[in-house]
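Work through the following exercises with the sequence and the structure at hand. Each task is followed by a solution in steps.

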There are 2 protein chains.
Amino acid sequence: MTVTERVELAQNAAGRMVPAMVNGKPQIPYLGVGKYQARGRKAAPPVRSSKDYPENGDKRVPDLETALRKCGLRDGMVISNHHHLRDGDRVALMALQAAAKLGVKDLTWFPSASFPSQKAAIELMQSGVIHRIEGSMNGPLGDYCTQGKMRGMGVLRSHGGRWQAIQDGEVHVDVAVIAAPTADFFGNADGSHGKSACGSLGFALADSIYADNVIVVTDNLVTFPCIPWQIQGNNVDYVVEVDSIGDPAKIVSGTTQITRSPDRLRIAELVARFLRDAGIMRNGFSFQAGAGGIALAFVDFLRRMMKEDGVKARFVRGGSTRYLVDMLQEGLTDYILDGQTFDLEAVKSIASDPRHVPTSPFTSYNYHGKGNFASMVDAVVLGATEVDVNFNGNVVTHSDGRLLHGIGGWQNCLAAGCTILAVPSFRDRIPVIVDEVTTLTGPGELIDVVVTERGIAINPARQDLLDAVKGSRLPIRPIQDIKAEVERICGGNPARPQRGDRPVAIVKWVDGTVLDTVWQVG
Amino acid sequence: MTVTERVELAQNAAGRMVPAMVNGKPQIPYLGVGKYQARGRKAAPPVRSSKDYPENGDKRVPDLETALRKCGLRDGMVISNHHHLRDGDRVALMALQAAAKLGVKDLTWFPSASFPSQKAAIELMQSGVIHRIEGSMNGPLGDYCTQGKMRGMGVLRSHGGRWQAIQDGEVHVDVAVIAAPTADFFGNADGSHGKSACGSLGFALADSIYADNVIVVTDNLVTFPCIPWQIQGNNVDYVVEVDSIGDPAKIVSGTTQITRSPDRLRIAELVARFLRDAGIMRNGFSFQAGAGGIALAFVDFLRRMMKEDGVKARFVRGGSTRYLVDMLQEGLTDYILDGQTFDLEAVKSIASDPRHVPTSPFTSYNYHGKGNFASMVDAVVLGATEVDVNFNGNVVTHSDGRLLHGIGGWQNCLAAGCTILAVPSFRDRIPVIVDEVTTLTGPGELIDVVVTERGIAINPARQDLLDAVKGSRLPIRPIQDIKAEVERICGGNPARPQRGDRPVAIVKWVDGTVLDTVWQVG
């Protein structure tokens with residue numbers, strides 16, 4: 001099918017219109033938080049036999065084309081990649097271009113995220129090699145999708161949602177191609193060593209377990225055994241050696257940088273003060289923050305407050321940076337539980353410190369497991385492109401409707417004890433607090449606090465938090481007040497996007513139901 | 001069914017008569033090494049949802065009875081345990097007795113191995129709580145089985161075969177009860193710390209992944225997160241705290257002991273010399289040996305030879321003991337890849353040294369994976385109760401037909417580059433080298449060398465090994481010669497067992513086919 005066909009829409013529990021069928025598969029509209037009852041059994045990969053693999057363990061083949069051919073890659077299959085190498089990755093395009101050379105068409109590309117440096121995938125969509133991307137689309141690929149040029153519909157999932165989709169059999173991966181900063185010839189792979197080291201390889205774990213065929217691509221082959229084995233060779237079919245899996249400078253930053261903007265520093269400080277004054281910052285607590293400028297500044301403020309008050313965390317969740325590593329080394333936390341590793345200091349730490357523990361979307365985020373870590377985190381600090389007066393959040397589109405960002409772990413993190421959006425009140429004179437988010441990515445009932453440079457808004461549903469900070473010197477204000485002030489500055493509401501009536505992508509909720517639709521723009 | 005019913009037998013590729021149906025399930029007779037083609041898809045556990053588990057991660061329930069009731073334990077189900085606590089385990093009986101209290105009948109008990117201290121399971125078989133044991137039966141339970149008193153048929157599997165059976169869906173585990181020397185309330189569990197520390201927990205891994213319901217039982221609850229998590233809480237339903245999961249003195253030895261018998265020391269030395277003189281002991285090589293007296297002495301001899309010759313191993317495989325730990329610390333090997341941890345020094349090492357790596361039957365032994373470690377090991381030194389002139393081996397029964405031992409990793413290890421049986425030529429005046437093994441546990445084509453105190457027999461199929469030691473001072477002899485000499489000493493062949501015609505247990509091959517039958521005795 002192509003998206004020019006007529007698509008039936010249904011209204012979901014959030015009041016959003018969502019397609020009933022996506023890429024030929026029937027969908028369940030979002031039913032509300034915790035309302036969908038999972039059923040059935042997990043996806044079951046084929047039983048293999050050691051008799052069909054080399055006794056000496058050597059699974060190397062000369063190149064990716066050979067590996068893909070041996071995997072039986074053919075038209076219409078699903079090929080997956082992970083994004084731990086971020087904008088520095090070379091392996092995904094290498095694999096897709098090798099598929100193109102084999103003459104294969106209509107692939108579903110299923111990366112855990114795609115990046116601007118992979119925009120050559122657009123040519124592969126134009127030439128028919130790729131039918132669609134299911135996965136986060138950052139920048140030009142997302143833009144291409146919102147322009148309605150992708151033949152299939154985009155499917156956006158959180159990190160946990162991606163695990164859930166693979167595990168539940170919603171997405172059957174035919175061939176997983178895993179970039180490995182270090183690997184042995186058996187396929188054991190590790191992300192924390194080698195010239196292209198990226199730290200954790202957790203995003204590739206589901207692919208390695210559930211895909212029918214698994215190829216490991218490395219530029220640092222070591223003698224068996226590769227220790228640690230974040231990816232197990234027992235799940236791997238072929239190993240390919242290449243000169244370079246990516247550009248180290250774009251895989252990890254040399255240094256992650258705290259924001260210098262006074263407004264953003266103020267936001268960061270307010271978040272830290274909120275955690276302290278609300279009593280969340282206490283011995284044995286836990287938190288998660290990302291690697292953006294505000295988040296890093298927040299960690300720095302919090303760390304100082306923890307020292308002042310003699311408070312120690314039990315664990316902090318990465319995305320890890322040198323700021324978290326410092327906390328670990330200073331004894332301010334017992335553990336870093338790390339999903340992705342953002343800078344060189346963090347890579348060094350995860351490679352050598354047993355208290356810096358790699359995690360996967362299975363442990364951290366999979367909603368269709370027997371619980372996960374996300375709901376055990378006391379506080380999480382997140383960003384957003386928009387938040388509305390009902391505390392609903394958007395992280396995937398801008399107010400002009402263009403799809404420019406992935407969900408990452410954002411949806412999964414909303415399960416934390418206290419979810420804080422730390423956002424500037426406006427960007428480029430466009431207010432961030434709106435009447436209704438352009439694309440619903442997270443339900444307001446899970447978003448507890450919005451911190452801007454103009455004050456802190458607490459979700460009225462969280463009376464406990466309102467009570468906790470009563471009497472503090474924090475600038476607590478109704479979200480409507482902040483919104484009104486910002487609109488006076490920016491000259492009114494942002495213009496609503498010129499929304500077409502053609503869906504180009506959907507946003508999945510953590511349970512696999514459809515939370516919202518991204519519409520063609522322009 | 002009970003074994004008193006008429007059982008149809010078929011002759012397998014090894015010439016052994018095996019039942020076509022076992023415990024109501026049709027069986028495939030052994031077809032030869034590497035001949036059975038696995039098909040189908042892996043077992044698929046139910047999809048769960050985080051909404052049905054506590055948000056704060058606390059899965060504790062007051063006791064095992066409550067946990068089993070919540071798991072929905074009922075008549076005829078399969079309940080599993082691991083045996084890392086060996087003869088010191090208290091949890092398996094605790095679980096079975098709790099099941100008895102709930103009034104449940106006809107359970108299949110599916111331990112990775114059972115031990116003499118668990119002989120109270122006999123009462124539970126007599127009272128109808130347990131229908132049969134599928135798993136290694138060491139000592140009294142095996143004896144009970146060979147007496148024909150168990151209602152169902154015993155099924156003996158190797159460690160790898162157990163993984164294969166669970167993974168392939170041959171055995172569906174309803175409730176796994178996992179003894180954990182350390183755990184958190186979410187169910188993350190670790191074997192290497194705590195008063196009942198046992199090292200690796202690899203034997204429980206398949207159960208934790210594939211069972212419908214998983215209970216972790218611990219006597220050392222730590223604050224989340226329990227690091228490392230050898231068992232992942234995301235697979236666990238309930239956590240039960242108890243005073244003691246086992247008797248530390250019987251879980252690990254304070255010290256493992258090298259044999260003092262001059263004959264056995266000679267065997268050990270001959271094995272080491274064989275590896276050296278055949279050129280297998282060379283830089284970057286690998287080996288595996290167990291924790292028995294001969295194996296330990298062998299490691300000690302080999303270590304001295306490695307030092308003399310300046311040879312370093314890339315990895316050694318545990319069963320780990322202080323002798324392997326010494327090698328690691330002396331730089332004689334880069335890694336210990338450890339399946340089970342036998343003494344205190346080894347537990348200390350696996351808890352603290354990142355080069356001492358826990359493995360599981362999945363990585364090491366599962367024949368229905370994409371290869372496994374066993375075939376990548378250069379040499380393995382094993383024991384046997386009997387070996388015959390065609391190099392077939394027996395490890396489960398004695399020459400009187402009584403089932404007294406489990407298979408362990410023995411069958412899986414036969415995949416090594418050079419498989420050596422290190423055995424005394426007779427025990428209690430009963431020859432170990434026989435015309436035909438009582439119970440076929442390993443096909444002779446995979447057994448390369450038999451080392452006794454009276455000389456070394458090399459399998460004629462291994463001309464390469466015969467060539468390699470040509471001209472050495474090793475006492476290489478035809479196996480028939482050694483056998484004849486021993487019979488002169490012992491006064492003839494061992495008496496053949498009074499074999500009944502009633503099968504009481506089967507021996508599975510690593511691919512799930514039936515290799516041989518254990519018959520009722522007396």
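The exercises below concern a predicted model.

**Exercise 1. Determine which symmetry relates chain A to chain B.**

Step 1. Chain A is superposed on chain B by a rotation of 180° with 0.0 Å of shift along the axis, at an RMSD of 0.0 Å.

Step 2. The relation is therefore that of a two-fold axis.

Step 3. To place the axis, look for Ala44(A): of the C-alpha atoms in chain A, that of Ala44(A) is nearest the axis, at 2.7 Å.

Step 4. Of the contact residues of chain A, 100% recur in chain B, and both copies use the same surface.

**Exercise 2. Describe the side of chain A that touches chain B, by element and by residue class.**

Step 1. The contact involves 50 residues of chain A and 50 residues of chain B.

Step 2. Strand 18 (313-317), strand 19 (333-338) and helix 12 (361-364) of chain A each contribute at least two residues to this side.

Step 3. Sorted by class, this side of chain A holds 21 nonpolar, 19 polar and 10 charged residues.

**Exercise 3. Give the strand order of the open eight-stranded sheet in chain B, and find its edges.**

Step 1. The order is 20-19-18-17-21-24-28-29, and the pairing is mixed.

Step 2. Strand 20 (356-358) and strand 29 (455-458) of chain B each pair on one side only, which makes them the edge strands.

Step 3. On average, neighbouring strands of the sheet are turned by 20° against each other, direction ignored.

Step 4. Take one pair as an example: strand 18 (residues 313-317) and strand 19 (residues 333-338) of chain B run parallel and are joined by four bridges. Within strand 19 of chain B, Tyr335(B) is the bridge partner of Phe315(B).

**Exercise 4. Trace the pairing of strand 16 of chain B with strand 5 and strand 15 of chain B.**

Step 1. Strand 16 (residues 238-241) and strand 5 (residues 60-61) of chain B pair in the parallel sense over two bridges. Here Val239(B) of strand 16 stands opposite Arg60(B).

Step 2. Strand 15 (residues 213-218) of chain B also runs parallel to strand 16 of chain B, and four bridges join the two. In this case Tyr238(B) of strand 16 is the bridge partner of Ile215(B).

**Exercise 5. Classify the crossing of helix 10 and helix 11 of chain B, and list the residues that meet.**

Step 1. The axes of helix 10 (residues 322-329) and helix 11 (residues 344-352) of chain B come within 7 Å and cross at roughly 45°.

Step 2. Helix 10 and helix 11 of chain B are therefore oblique to each other.

Step 3. From helix 10 of chain B come Arg322(B), Leu324(B), Val325(B) and Leu328(B), which meet Glu345(B), Ala346(B) and Ser349(B) of helix 11 of chain B.

Step 4. By class, this contact has four nonpolar, one polar and two charged residues.

**Exercise 6. Decide whether Val518(A) is buried or exposed, and describe its surroundings.**

Step 1. Val518(A) belongs to strand 31 (residues 514-521) of chain A.

Step 2. Val518(A) has 25 C-beta neighbours inside 10 Å and therefore counts as buried; the cut-off is 20 or more.

Step 3. Leaving out residues up to four places away in sequence, Val518(A) touches Thr146(A), Gly154(A), Val396(A), Thr397(A), Leu403(A), Thr439(A), Val504(A), Ala505(A) and Val507(A).

Step 4. Val18(A) is 500 residues from Val518(A) in sequence, while their C-alpha atoms are 9.1 Å apart in space.

Key: Residues numbered from 1 in each chain as written. Chains lettered and ligands numbered in written order. Predicted model: local features only at pLDDT ≥ 70, side-chain atom pairs only at ≥ 80, totals over all residues. Pairing = 2+ DSSP bridges. Axes fitted to C-alpha atoms, helices over the stretch in contact; angles between N-to-C directions. Parallel < 35°, antiparallel > 145°, perpendicular 65-115°, else oblique. Contact = placed C-beta atoms within 7 Å. Nonpolar A, V, L, I, M, F, W, Y, C, P; charged D, E, K, R; others polar. Least-squares fit on C-alpha atoms with pLDDT ≥ 70 in both. Buried ≥ 20, exposed ≤ 12 C-beta atoms within 10 Å, placed from the backbone.
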